[in-house]
Each structure stands twice: as structure tokens, then as C-alpha cells.
Amino acid sequence: MSLPICLCQVIALSILFIPEVCLAGKKIPASFVFGDSLVDAGNNNYLTTLSKANYDPNGIDFGSATGRFTNGRTIVDIVIQALGSDELTPPNLAPTTRGSLVLKGVNYASGGSGILNSTGKLFGDRINVDAQLDNFATTRQDIISWIGESAAAKLFGSAIFSVTTGSNDLINNYFTPVVSTLERKAVPPEDFVDTMISRFRLQLTRLYELGARKIVVINIGPVGCIPFSRESDPTAGDECSVEPNEVAQMYNLQLKTVVDDLNANLQGSRFVYADVFRIVYDIIQNYGSYGFESEKVPCCSLAGKVGGLIPCGPSSKVCTDRSKYVFWDPYHPTEAANIIIARRLLSGDTSDIFPINIRQLANLKLNT
């Protein structure tokens, strides 16, 4: 009986020297994930922090509570599966994320984290973007020691790097209820955004210097529309909280310019700007046309006018049909919403993701 030939699998050990995993004749890029709780796959399970999701009912549609802050898969889970992988990118801090497994990618994201190192300090431990990059640098050296510099450069050159951060810098830093009131009086939003942007530019540049070439940069979503923000702003009524959304858009406008600049100045790279604000805001404004019944009340809720006061936990009420809710808890989308977001990032046009979508990025051959 003849077997289909896959060059990546000619020799069992050759996976240690090939930059992409091969499945049924299709090359699957490695996936390296950076960010916050929107994409955390369980790193915070190993930290002393209030920002955890490794308990019921989180993961109710995943099979168990893994540390993902949703009922099922995150956006990056859905994306890597759509690109052909039968394995999800494992969390860096898991004891099993070692050896040849890291050649397929690693997830460094941490709930409560942000661009600024002060962000999320109320939660306790968290791995902010600078520390996530430090962790990737360690992984990078391990990979180089296993397969050599040339093969490692090819692996990183073909891999998909994604960075989903910035939301906590607003909701758990600049707009933290009560705690940040004095800071907001002293620091205008324009100055705070400038600080975020200048720091993030350096972080993205460092990622490139560490070998990343295909980088998806996720902007800040409409944080004023999450149940927590609606709950925290007494002036919001039935609408989204205005100021957090305005500051998010102020940041997003500058971020797009940063992405354009990096593309122009960092040779052999392709940075992609993913407009998740636009996608999620569209879902919220037109939730009925997407098959949702609620765009305000989270599926997992306990207290508050829209159920956005208290994080999802064992005492929370859980909706019967998760597919009818945009939000899983006061902060995070359901898997149903994540699927829509992921599909538009994978295959959307330039109004959703610019200059190319993730499928096009995965297939792109770069001259490095």
C-alpha cells in the first residue's frame, strides 16, 4: 500500500529540522501567541493572581476549564485550527510545553496583562508584554540550540506571530473604577495613549529583532461595550460607555500608523493590522443578524443591571444556549463570537484586516 508523501515526514526525526509542520500534504505555520486574557490558554493557572479561569463554568464547551476566559475556544485557537492544525498552541508555563512541541509554537499570553508594566497590578501576578517577549527569547534560544540558527530563522520566518493587547491598559489601568480617578485628572488620554504607542512600537520592533516576520497586530476592541464597562458607567444607560471607546479609537488610529511604519522600515517583514474594534462593534450593533439574542448581558453572570459586576464563577448563572450570546462573561466574548471574529481575520477584506488577511499571510513568501 502506498502512502501519501509529505516531505516534512520523510524521516521521523526530520521534524526537528523543518520550520513548518506538515499535515495531509499541507504546511501549517507555527503559531506564537502574545497578549492578554482574550487569548490566554492557561498561563495564569501557574501564577498567584486573581485573574484566573481554571474553574467551572469556564470551558463548559471546551470539555474542561483550562484557563481560557471563555466557554470554548479563543480566537487564536480557532485560527490555528482553520489553518490546518489538529493541536492548539500550548501555554508557555505548562510543564508539558517542552522539547520538540515548541517547534509548533507557544502561547505566552497572560490574563490581566498589558503593554505597560503597571497594567493589571490589582490582580497580582501577570506576565506583561515585556516579560512575554523575554519568555519568547528564552524559547528562541532553546530552539536555536536544538536545530541551529539557519533552521530556526526559517521556522520563525514562516511562523504566524499574533499580539492581542492594550485592552487592559484601558479597563484595568487608565479607566480602573475609583482607583484611576486622580490619574485621569493628571494625565490626559492623549498622553496616556502616546505612552502606550511608544512602548508598543518598541515591543513590536523587539519581536522583529527576535526573528518574527509575519506579525498580526490586534487593535483594541470596543471596550466601552463590554458588560463591565456598561455596568461601571452610570451615564451609559442602554448604550456603550463612550469615553473608553473614544480612547480605544484614539489608540487604534495611531497603532495603524505604527504598523504602516514598521512595514516600511523593517526589511522582510509583514505586519498586519487587525481591526477587531470594527468587527466586534459590528457584531454588537447588528447582533440579531448574526443570530445572537443578547449583546449586553453575558451568558455567565451573577450581579448587576446587565450582569457585568462580578467575574464568571461557580456561583454564576449560565445561559442554556451559549450560541445566542455575544459575551461569555463581563469581559470576554463567547466562542460563538470568537468564531465570527476569527473568520473575518482569516478571510476578511482590507476593511477588517490590512493589508492582507491571515490566510494570505500564512501563504506569503517573504524575502528576508
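**Before you start.** The model is predicted, so local features need pLDDT of at least 70 and side-chain atom pairs count only at pLDDT 80 or more, while totals for chains, interfaces and linings use all residues. Residues are numbered from 1 along each chain as its sequence is written, and side-chain values use heavy atoms, with hydrogens and water left out.

**Colour by confidence.** pLDDT is the predictor's confidence in each residue, from 0 to 100. The mean for the protein is 92, and 93% of its residues reach 70 or more. Now select residues 1–25: here the pLDDT is below 50, and beyond near neighbours in sequence the stretch has 29 contacts in the model (heavy atoms within 4.5 Å). Where pLDDT is low, the predicted coordinates should not be read in detail.

**Select 214–218.** This is strand E5. Helices (H or I, at least four residues) and strands (E, at least two) are DSSP runs, numbered from the N terminus. 5 of the 5 residues of E5 are buried, so the strand is largely enclosed by the rest of the structure. Buried means under 20% relative accessible area, exposed over 50%, and partly exposed in between, with a 1.4 Å probe and protein chains only. Look at both faces: Lys214, Val216 and Ile218 are buried on one side, Ile215 and Val217 on the other.

Two strands pair if DSSP finds at least two bridges between them. Strand E4 (residues 160–164) runs parallel to E5, joined by 5 bridges, and Thr164 has Ile218 as its bridge partner. Strand E6 (residues 270–274) also pairs with E5 in the parallel sense over 5 bridges; there, Val217 stands opposite Tyr273.

**Select 189–209.** Helix H6 has 21 residues. Its buried residues include Phe192, Met196, Phe200 and Leu207. Seen down the helix axis, the buried residues of H6 fall within an arc of 140 degrees, so they line one face (the arc is that of the directions from the axis to the C-beta atoms). Turn to the face away from the buried side to find the exposed Leu202 and Glu209. Just after H6, Gly211 takes a positive phi of about 115 degrees.

**Finish at Trp328.** Trp328 sits in the loop between strand E8 (317–318) and helix H10 (335–347). What does its side chain touch through a polar contact? The partner is the side chain of Asn58, at 3.0 Å. A polar contact is a pair of N or O atoms within 3.5 Å; within protein, one must be able to donate a hydrogen and the other to accept it, and residues adjacent in sequence count only if both atoms are side-chain atoms. Trp328 counts as buried, at 0% relative accessibility.

Methods:
The expected span of a helix is 1.5 Å times one less than its number of residues.
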